[in-house]
Amino acid sequence: MRSFSSPKPIDVYLTYMKTLFLLGFSFLLTITAGAQDKYFTKSGKIRFYSKTDFETIDALNKSVTSVIDTKTGAIQFAVQMKGFDFKKAAMQEHFNEDYVESNKFPKAEFRGTITNNNTIDYKKDGEYAANVKGNLTLHGQTHEIETIGKVLVKNGKIAASADFILALADFKILVPTLVKDKISKTVNINVTCLMEPLK
Amino acid sequence: MNRRKVIYCAILIVIVLLAWYAYHEYNRTSTPTSELKSDYNLSASVLINEFEQNDSISEKKYLGKTITVTGMLKKVEPENSMLLLGDSTSSLSIRCSLDSTVLGTAASLRPYTVVSIKGNCIGFNRDELLGSDVLLNHAIILKSKTN
């Protein structure tokens, strides 16, 4: 018969349960932490504009998909070329048919990294400079892009933005001879994405 | 003399007509969705399935086309003026970016009702992580009813 002074089996059982609970809890924490490392948007904006004395071209796309992995600094963008809205319909048609050939190349993609990712504290509100480097695929051509963007952390969301310049020739986008002197050979690109944590 | 006058007049008229045409063509704005005829009229699930099964064939078929889709309204994102159509249990959706003329009407729509949306198909985003989407631009609401 067991004595009451040594309730060992219960003790062992409790310790066992505690360990299990802690293990499970820490496992759960790891999972949630893993998911919260990523932020995304499906309604990011890309605006492009170019200006010469003859012609100002201005277009906006409001359906940009973007994901950022705050742990590794990996950042991705995907945009449908037919989603660019111009004020002038003729310009939009020329853009799709003659310049970016959106039937043949419907999508543009950027895959890159924030090279100074360790200087950005995604858990703390504030504004951080982000050096972004990666490959942009547009019109079937891939070209390296490097720019300094901005990461604004506020209330658990990230507002990421960047401006850079593209040379049409880098992406084999040909300007017809007739309008060659009237259209700029470079375009300014402005990206703004308000990203939410991925759950 | 008289014949020459007629020729000059004709040339002048042609130049004026050309200039008028060029001016209007240059300043032409996109046709509003409400005035466009639908190239396709189908259910949300059919459109999603077609893209899911073969993006390149579906892109050739639907890209740049005016489409009317009918399906379950899954989510309203008023801050992005975006409507999501599709099965609420699936990660696949049709994301409809609302036209500026109907921005106000989005707020009155209730999720889990059947809606008909007309818009311009701009592409398909295949995304394992975030869920794939068929994208409609300049979308307008044709009809909505409680399910």
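The largest nonpolar core of the predicted model comprises 44 residues, and A:F48, A:F84 and A:L166 have the most contacts inside it. Such a core is a set of buried Ala, Val, Leu, Ile, Met, Phe, Trp, Tyr and Cys residues joined through side-chain atoms within 4.5 Å; buried means under 20% relative accessible area, exposed over 50%, and partly exposed in between (1.4 Å probe, protein chains only). Apart from this core lies another, of 27 residues, among them B:L42, B:I67, B:L85 and B:A106. In soluble globular proteins, nonpolar side chains tend to be buried together. The model is a predicted one, in which local features need pLDDT of at least 70 and side-chain atom pairs count only at pLDDT 80 or more, while totals for chains, interfaces and linings use all residues. Residues are numbered from 1 along each chain as its sequence is written, chains are lettered from A and ligands numbered from 1 in the order in which they are written, and side-chain values use heavy atoms, with hydrogens and water left out.

Chain A contains 2 helices and 9 strands, arranged along the sequence as α-β-β-β-β-α-β-β-β-β-β. Helices (H or I, at least four residues) and strands (E, at least two) are DSSP runs, numbered from the N terminus. Of the 199 residues in chain A, 41% are buried. In helix α2 of chain B (residues 44-53), the buried residues include B:A44, B:L47, B:I48 and B:F51. These four cover an arc of only 95° around the axis, which puts them on the same side of α2(B); the arc is that of the directions from the helix axis to the C-beta atoms.

In one of them, A:K71 pairs with A:D37, with the closest N and O atoms 3.9 Å apart. A:K71 belongs to the loop between β2 and β3 of chain A and A:D37 to the loop between α1 and β1, so the pair ties together parts that are 34 residues apart in sequence. A:K71 is exposed, at 67% relative accessibility, whereas A:D37 is buried, at 13%. A further salt bridge joins the side chains of A:K38 and A:D69 (4.0 Å, N to O). Because A:K38 lies in strand β1 and A:D69 in strand β2 of chain A, this pair ties together parts that are 31 residues apart in sequence. A:K38 is partly exposed, with a relative accessible area of 26%, and A:D69 is buried at 15%. Within chain B, B:E52 forms a salt bridge with B:R126, the closest N and O atoms being 3.3 Å apart.

At the interface, 26 residues of chain B are in contact (heavy atoms within 4.5 Å) with 24 residues of chain A. The area buried between the two chains is about 2,200 Å², of which carbon and sulfur atoms give 50%; buried area is the accessible area (1.4 Å probe) that two parts lose on being put together, summed over both. B:Y26, B:I122 and B:L130 supply 27% of the area that chain B buries against chain A, more than any other three residues. The rule finds 2 salt bridges across the interface of chain B and chain A. A salt bridge also joins the side chains of A:K42 and B:D133 (2.6 Å, N to O), and A:E93, B:E25 and B:R28 are linked in a network of salt bridges.
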